[in-house]
Amino acid sequence: MKTFTLNDGNAIPAFGLGTWKSSEGDAYRAVKEALRVGYNHIDGAWIYQNEDEVGRGICESIKEGIIKREEVFVTSKLWNSFHAPEDVEKGCQETLTKLGLEYVDLYLMHWPVAFRSGKLMPEGTEDFWPLSDLPLSKTFKAMLKLRDKGLVKSVGVSNFSISKLEKLIAESGVVPAVNQVELHPYNPQEKLFTYCSDKGIHLTAYSPLGSGDRPEFLKQKGEPPILENQVVKVTAAEEGLTPAQLLIAWAIDRGTSVIPKSANPSRIAENLAAASHTLSTKARSAIDGIDTRFRYVDIKEWYLPGITYEGSDFWV
Ligand code: A2P
């Protein structure tokens, strides 16, 4: 499996299994199947509420000799309700206990948004910590201490825009190893891509297939499904790939790691096969040339100017 080297010297496999939206039972079976067929990278998070199942899949596979702990790259994410520095280790420990692991390979701040301690989901603006009271850099510094304690190997962020990265780096003096964001041909985030390349921040692509299984409240009317895009379909056929495989191969060819979610054994295998495909130059430019723009994961209720971000747009 191809890997990318992070700015702290650790290596991240280019391809992994996403577990967001994998329901109870599915998450365990998907992780076990993935590790059995050759995956070595599992992406999870506290808020996915399936870390016990994900962990059971990983730990059983280790016990059965399918993979060694040091051979599987496990990512988790600090939920928004653990941003207070005194809560950060608690959030991480809850994840480690559920996973049944002594450390995770990568720990990300899930969102640049902080909820009051204990608030799983905010019900009103009073449930958010204003950035002025609890800057993201304070949370990030507490996360770096987890690395010093050996609970996590690498520390990064997720859903961070350029301005938020710049502020975080200026205030903490540390460049995050990874920024995991929504990336696919409809949301290639070229400016962020260039900024992160220049800074040595590795990008991981979430929702690379358009996350068609998102809950209804996260969907917008008339969304363009990327797997149905004509250029994607035609180019995939020319490359001898399925549309999903083409999107995975494109992501890796760009230099991003990619974590498609599947709970289906044949699609789990299909997606892995894409990771070793070498994309032709023609296919790469055909996909680069798609000009439809769409962001699938956009939780507008959390975008509160003056509270959760400064400036005119959450994503800038
Ligand atoms: P399933 O879990 O039944 O395989 P994303 O990674 O962008 O969040 O997308 C996940 C969605 O894409 C899920 O609905 C998943 O369904 C579906 N999916 C995963 N792999 C493939 C594939 N190879 N072809 C078509 N759909 C896929």
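## Basis of the description

Helices (H or I, at least four residues) and strands (E, at least two) are DSSP runs, numbered from the N terminus. The model is predicted.

## Helices α1 and α9

Helix α1 spans residues 26-37 and helix α9 spans residues 265-274; their axes come within 10 Å and cross at roughly 40°. The two helices are therefore oblique to each other. The crossing in which α1 passes α9 is right-handed.

On the α1 side, A30, E33, A34 and V37 take part, and they meet P265, I268 and L272 of α9. The residues of this contact of α1 with α9 divide into six nonpolar, no polar and one charged.

## Helices α2 and α3

Helix α2 (residues 51-63) packs with helix α3 (residues 85-99) at an angle of about 50°, and the axes are 7 Å apart. Angles under 35 degrees count as roughly parallel and those from 65 to 115 as roughly perpendicular, so α2 is oblique to α3. From α2, the contact takes E51, D52, V54, G55 and C59; from α3, it takes T95, K98 and L99. Sorted by class, the contact of α2 with α3 has three nonpolar, two polar and three charged residues.

## Helices α5 and α6

Helices α5 and α6 pack at an angle of about 25°, with axes 10 Å apart. That angle makes α5 roughly parallel to α6. I162, L165, E166 and I169 of α5 form one side of the contact, and K191, L192, Y195, C196 and K199 of α6 form the other. By class, the contact of α5 with α6 has six nonpolar, no polar and three charged residues.

Helix α6 runs over residues 190-199, and its buried residues are L192, Y195 and C196. Seen down the axis of α6, these buried residues fall within an arc of 95°, so they line one face of the helix. As background, an α-helix has 3.6 residues a turn, so residues three or four places apart point the same way. The cover over the buried residues of α6 includes α5 (162-172), β8 (178-182) and β9 (202-206). L192, Y195 and C196 also belong to the contact with α5. After α6 comes G200, with a positive phi near 80°.

## Helix α8

Helix α8 (residues 243-253) is mostly covered, with nine of its eleven residues buried. The buried residues are A244, Q245, L246, L247, I248, A249, W250, A251 and I252. Among the elements that cover these residues of α8 are β1 (3-5), α7, β10 (257-258), α9 and α10 (281-288). G255 follows α8 and has a positive phi, near 100°.

Most residues other than glycine have a negative phi. K21 is not a glycine, yet its phi is positive, at about 85°. K21 lies in the loop between β3 (17-18) and α1. With 21% relative accessibility, K21 counts as partly exposed, because buried means under 20%.

S207 is another residue other than glycine with a positive phi, here near 50°. The loop that holds S207 runs between β9 and α7 (230-239). S207 has a relative accessible area of 6% and is therefore buried.

L144 sits in helix α4 (residues 136-148). Its relative accessibility is 9%, so L144 counts as buried. Not counting residues up to four places away in sequence, L144 touches V155 and V174. L144 and L304 are 160 residues apart in sequence, and their C-alpha atoms are 27 Å apart in space.

G9 is in the loop between β1 and β2 (11-13). With a relative accessible area of 53%, G9 is exposed, because exposed means over 50%. G9 and S61 are 52 residues apart in sequence and 27 Å apart in space, C-alpha to C-alpha.

Methods
Residues numbered from 1 in each chain as written. Predicted model: local features only at pLDDT ≥ 70, side-chain atom pairs only at ≥ 80, totals over all residues. Heavy atoms only, no water. Axes fitted to C-alpha atoms, helices over the stretch in contact; angles between N-to-C directions. Parallel < 35°, antiparallel > 145°, perpendicular 65-115°, else oblique. Left-handed = near helix turned anticlockwise from the far one by under 90°. Contact = heavy atoms within 4.5 Å. Nonpolar A, V, L, I, M, F, W, Y, C, P; charged D, E, K, R; others polar. Buried < 20%, exposed > 50% of the residue type's maximum accessible area, 1.4 Å probe, protein only. Arc of directions from axis to C-beta.
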